[in-house]
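I opened a new notebook page for this chain.

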Amino acid sequence: MSASLFHHALIGAMPYLPRSLIWRVSRRYIAGTHLHDACRRVQELNESKCTATIDVLGEDSTSEEQVRAAVETYLTAIRDIDTHSLDCGVSVKLSELGLRFDVAGCKEAIHALVTCAADHGSFLRIDMEDSSVTTVTLEIYRELRQQFDNVGIVIQSCLRRSEQDVAELLHEGPTNVRICKGIYVEPKDIAFTDADEIRSSFNNLLEQLLDGGATRVGIATHDPALVAYAEDMIEKMGVDKDRYEFQMLLGVAGTLRRKLVAKGHPLRVYVPFGELWYAYSMRRLRENPNIVGHIVGNLFSRS
Ligand SMILES: Cc1cc2nc3c(=O)[nH]c(=O)nc-3n(C[C@H](O)[C@H](O)[C@H](O)COP(=O)(O)OP(=O)(O)OC[C@H]3O[C@@H](n4cnc5c(N)ncnc54)[C@H](O)[C@@H]3O)c2cc1C
């Protein structure tokens, strides 16, 4: 059996593996189950010259109760970040705030969080989810940014619409955008599926944003080719350090991260925490089949 077939077979088997085993593999990506775990990790990152963004794990809430719980956790996180003087913002998925079953309620919830973040001098980034909610997510961001300047959005380079979305956002006024490849599997008619096309779209969007006057651009990737291209562009365009930052996920590409920090680039690490670590871990593992090999290693290790 080829390595790739083997990985696919293993991915299929993952739901049947013990949670304790999945935890052993995935704990590098997750700060822990509690807010104090995340704050401790952010403190360490701040000490190593990285900023951070805290993500309360969860998506696709299906009840008001779940939404209330998520809002409470985020409010506590924003206050604790301030209390502990951490250099850290928060990242929020609108589906966690009920986007899929109550748009009005979701708008109220995100408004409360952005208000709290503004009161505490903090920044809130709305993560981008799958293409079924791109339009409504952008619409909610647009409404918020009329009132707040501490809110940002995400654009995915795999989507064909992104160039147009960026053009419109830039035309409408100041905008703070994270660009990433996009984690969701999307149909071919609306998304690039070829790796080189996605990379090329990423580079074009980065140029469009930096050239078009975006207030700040988060360059969210661990892809060495994209990082090198971005470094080049930043240097050639003479982009100030307060207009861009590299962004990486906790536990991924540590060597590249340290290199960028040593060169003096601003770098933010995405720090997820929460009881719902299992679903997040399964997604990360599916995303990068290479790590699946670690599961096999862990099956036979004692640590
Ligand atoms: C800070 C941040 C925020 C993000 N926010 C969003 C969002 O809001 N919406 C969205 O759709 N997507 C989001 N993503 C995910 C993103 O879209 C990609 O799916 C993910 O970053 C992998 O793409 P890559 O650019 O790193 O390139 P890839 O080609 O996937 O990865 C490059 C290299 O990085 C390493 N690597 C990448 N991912 C992992 C991993 N999980 N574990 C271990 N090694 C890995 C591997 O060595 C790989 O070869 C975010 C990513 C980051 C870093």
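Predicted model: local features only at pLDDT ≥ 70, side-chain atom pairs only at ≥ 80, totals over all residues.

Residues count from 1 along each chain as its sequence is written, and side-chain values use heavy atoms, without hydrogens and water.

**Entry: β4.** I took helices (H or I, at least four residues) and strands (E, at least two) as DSSP runs, numbered from the N terminus. I checked burial in β4 (residues 151–156): six of the six residues are buried, so the rest of the structure largely encloses this strand. Buried means under 20% relative accessible area, exposed over 50%, partly exposed in between (1.4 Å probe, protein chains only). V151, I153 and I155 point one way, and G152, V154 and Q156 the other.

**Entry: neighbours.** Strands pair if DSSP finds at least two bridges between them. Strand β3 (residues 124–126) pairs with β4 in the parallel sense over two bridges. R125 stands opposite G152. On β5 (residues 176–180), also parallel to β4, I found four bridges. There V154 stands opposite R178.

**Entry: salt bridges.** I required a side-chain nitrogen of Lys or Arg within 4 Å of a carboxyl oxygen of Asp or Glu. The structure holds 20 salt bridges. E172 pairs with R145, closest N and O atoms 3.0 Å apart. E172 lies in helix α7 and R145 in helix α6, so the pair ties together parts 27 residues apart in sequence. R145 is buried at 15% relative accessibility, and E172 is partly exposed at 41%.
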